[in-house]
Amino acid sequence: MLAKIISGALAGIDAYTVDVETDLCGGLPKFEIVGLPDSAVKESKDRVRTAIKNCGYAFPSKQITINLAPADTRKEGPAFDLPIAVGILVCMNIIKAKNCENAFIIGELSLDGVARPASGVLSMVCHMKNEGVKTMIVPFENGEEAALIGGVDIVAVKSLTEVVAYFNGGFTSTVDYRTENVCLETPPDNPLDFSDVKGQDSAKRALEIAAAGAHNVLMIGPPGSGKTMMAKRLPGILPDMGFDESIETTKIYSVAGMLANKRALITKRPFRSPHHTISYSALTGGGRVPKPGEISLAHNGVLFLDELPEFQKNALEVMRQPMEDGNVTIARINGTFTYPSDFMLVCSMNPCPCGYYGSGPKCACSQNEISKYLNRVSGPLLDRIDIQVEISAVSYDDLGPNREAEPSAEIKARVLQAIAMQNERFKDDATRFNAGMSSRQIEAYCALGDKERKLLKKAFERLNLSGRAYHKILKVARTIADLDHRERVETAHLSEAIQYRSLDRKYWG
Ligand SMILES: Nc1ncnc2c1ncn2[C@@H]1O[C@H](COP(=O)(O)OP(=O)(O)OP(=O)(O)O)[C@@H](O)[C@H]1O
Ligand SMILES: [Mg+2]
Ligand SMILES: [Zn+2]
């Protein structure tokens, strides 16, 4: 007898259907899984056999063949245990085939038959719903995550026994998984507030512009001036995520197996700050069982690289293409796959190994040491930074107890107004923020008058700018104009934007 169970696998962050076909026939006892299984799928045989026995059924001593179709894609991970076990039980007539005809099943099994959570369930349920599947059998821990999609029946099971009982009419999922009942993760109040940062008005202004248009920023300055401190306060002034953005980011965390409580939608923009010892595959993603890297975990949020020159150069270089494209393509033996990676890059660094080049105390480094240090950050990477900002040492007076600094809430209010202008501007486009504008959009939304054009031409020649830098200046100027509630980019906006592209000439010459 042949049974067909609907299951799924991941390609990047999207899912595709895998049909788990089970055939049971007489002959010498044999248990075989075909369809390019990786080693985890092979191990599945042992888990399935033991789990079925431990649930109280005699494992059939027949010839069992499992085919995972389509056969030409590589299936990873242990999540086919449950559909395989159900397929065998259907062939054994313990479950009626007709009852699981239009049901999707996913999950790993432990030896005692307990259903273990799977990665990427959100993407799978999303795909299955589009395919018209009505019932989703998922491990209990994945239940609320699966229910985020809405409009389908989620049956969250704790064990193989519960799956059998469900199909035979004896078990209904105890939790009511209608979408209205799923609690969205409420972002905790960000305890880090800009009011802690004294002075540094120009740096804060630069970060406000960055937050308002999703621009990349580089902060360069002496030790102890507040660079790390300010970067960590960025999440408190970023706009809230829209529902679509939330789903996208949650899918990535689901695929990475990193949904903190296995249920909540991620509603807060991610802020990732990997250590500088990170390998390039951890940064961009990959691995034998592919996992999104930091640049994808930062999707729709911030990737903060503190002490930029300390990062391995090749790790930084592989980020270049993903930064342009907003997604990263990873090539593997069995084809390529893509993860989204649209993030705002925030970097901080000292200008030299001792840290004091160009500021108050005397720098102890030789010219050679300084250029060697700075050159760890490549020209092409620098060119991708929209806003370069020099941080000076904080003054004694600024640190005084009576100095008031503006709280994050006030800064965020201005950011949100600028975002509202962008929402209106891009309402018919896929673009979300000024930083993501195409050349055509730049032409349409950053039209310059005569005076502004002359100013930009002069800067272009004086600073020897690249074509990319030219476009970045216009995008930043657009954001500055948005913060100023202006329809047109004016001279003041443009000259401030140009000033944020001047540091590479100062330090990198
Ligand atoms: N502008 C500031 N206002 C208030 N406190 C500050 C300011 N700048 C620095 N500090 C204090 O100094 C500490 C160190 O600052 P921070 O780590 O941000 O420096 P940094 O610029 O990142 O230095 P480094 O280049 O060494 O990494 C902060 O935790 C804070 O206590
Ligand atoms: Mg620091
Ligand atoms: Zn120095």
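## Domains and their contact

In this predicted model, the centres of domain 1 and domain 2, taken over C-alpha atoms, are separated by 43 Å. Domain 1 covers residues 2–181 of the protein chain, and domain 2 covers residues 194–508. The two domains touch through 18 residues of domain 1, which are in contact with 17 residues of domain 2.

On the side of domain 1 that touches domain 2, the elements that contribute two or more residues are β1 (2–11), α3 and α4 (143–147). Among these, α3 provides the largest share, with 3 residues. Sorted by class, this side of domain 1 is made up of 7 nonpolar, 6 polar and 5 charged residues.

## Packing of helices α3 and α8

Two packed helices are described by the angle between their axes and by the distance between the axes. Helix α3, spanning residues 121–130, packs with helix α8, spanning residues 243–255, at an angle of about 120°, and their axes lie 7 Å apart. The two helices α3 and α8 are therefore oblique to each other, since angles of 65 to 115 degrees count as roughly perpendicular and only those over 145 as roughly antiparallel.

From α3, the residues that make this contact are Val121, Leu122 and Ser123, while α8 contributes Thr250, Lys251, Ser254 and Val255. In terms of class, the contact of α3 with α8 holds 3 nonpolar, 3 polar and 1 charged residues.

## The largest nonpolar core

The largest nonpolar core comprises 142 residues, and the residues with the most contacts inside this core are Ala85, Val86, Val217 and Ala477. Helix α2, which runs over residues 81–91, gives the most to the core, with 8 residues. The core draws on both parts of the chain, taking at least three residues from each of domain 1 (2–181) and domain 2 (194–508).

## Gly358 and its loop

Gly358 lies in the loop that runs between β17 (344–349) and α13 (367–374). There are 15 other C-beta atoms within 10 Å of Gly358, and this residue is therefore partly exposed, given that a buried residue has 20 or more such atoms and an exposed one 12 or fewer.

Gly358 and Asn402 are 44 residues apart along the chain, and a distance of 29 Å separates their C-alpha atoms.

Conventions
Residues are numbered from 1 along each chain as its sequence is written. Chains are lettered from A and ligands numbered from 1 in the order in which they are written. This is a predicted model: local features need pLDDT of at least 70, side-chain atom pairs count only at pLDDT 80 or more; totals for chains, interfaces and linings use all residues. Axes are lines fitted to C-alpha atoms, for helices over the stretch in contact, and angles run from 0 to 180 degrees between N-to-C directions. Helices (H or I, at least four residues) and strands (E, at least two) are DSSP runs, numbered from the N terminus. Angles under 35 degrees count as roughly parallel, over 145 as roughly antiparallel, 65 to 115 as roughly perpendicular and the rest as oblique. Two residues are in contact if their C-beta atoms, placed from the backbone, lie within 7 Å. Ala, Val, Leu, Ile, Met, Phe, Trp, Tyr, Cys and Pro count as nonpolar, Asp, Glu, Lys and Arg as charged, and the others, Gly among them, as polar. Domain bounds come from an automatic or database domain assignment. A nonpolar core is a set of buried Ala, Val, Leu, Ile, Met, Phe, Trp, Tyr and Cys residues joined through C-beta atoms within 7 Å.
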